[in-house]
Amino acid sequence: LIVALANSVNLVGLASGAVLQSLQRPLVPGLTLIGADASSIGLTVALVFNDFGLYALALGLGLRGMLVALINSAACLWICRRELGLNLRWTPAVWRSMWRDTYYQFFNALAMRLQTLADPFFVKLGQVIADLNPGLLG
């Protein structure tokens, strides 16, 4: 549960970082990732030495996600409002449209990942079948 929440928060931060990069401002997301990774590793190591076990990994990932989300989102809002003068308005119609697009993009990314990973999977599956039944393939 902790990892699922951490990954959800991390996605918000990465999306804000992507917006910043598309606005030609890559410094904040880059430095944020470096700092968040260093903080995450530090917290994970400290918690491991204090006998937190596997929770150390989840909490380290949670810290990373929170830092990335907070810093990138704040920078994104700052740049959009202060520097670019954009007034962000959210209406129910905008939310519905964004969720619909999100589903399309999620399934598209899933299909692309499956397509990329399918070849090695089937090659290995063929090797396993050939090992189990040597006369089957040849």
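**View 1. Cys76 in the predicted model.** Cys76 is buried. Its relative accessible area is 11%. The model is predicted, and it holds 0 disulfides. Cys76 is accordingly in no disulfide. The nearest cysteine sulfur belongs to Cys80 and is 4.2 Å away.

View 2. Cys80 is buried, with a relative accessible area of 8%. A disulfide requires the sulfur atoms to be within 2.5 Å.

**View 3. Asn72, a buried residue of helix 3.** Asn72 lies in helix 3. Its relative accessibility is 2%, so Asn72 counts as buried; the cut-off for buried is under 20%. Which residues does Asn72 touch, leaving aside those up to four places away in sequence? They are Gly13, Ser16, Gly17, Leu20, Val28, Pro29, Thr32 and Leu67.

**View 4. Polar partners of the Asn72 side chain.** A polar atom of the Asn72 side chain lies 3.0 Å from the backbone oxygen of Gly13. The Asn72 side chain also makes a polar contact with the side chain of Thr32, at 3.5 Å.

**View 5. Helix 3 from end to end.** Helix 3 covers residues 55-83, 29 residues in total. At 1.5 Å a residue, the helix should span 42 Å. Gly85 follows helix 3. The phi of Gly85 is positive, near 70°.

Notes:
Residues numbered from 1 in each chain as written. Predicted model: local features only at pLDDT ≥ 70, side-chain atom pairs only at ≥ 80, totals over all residues. Heavy atoms only, no water. Helix = DSSP H or I, 4+ residues; strand = E, 2+ residues; numbered from the N terminus. Expected span 1.5 Å × (residues − 1). Buried < 20%, exposed > 50% of the residue type's maximum accessible area, 1.4 Å probe, protein only. Polar contact = N/O pair within 3.5 Å; in protein donor to acceptor, adjacent residues only side chain to side chain. Contact = heavy atoms within 4.5 Å.
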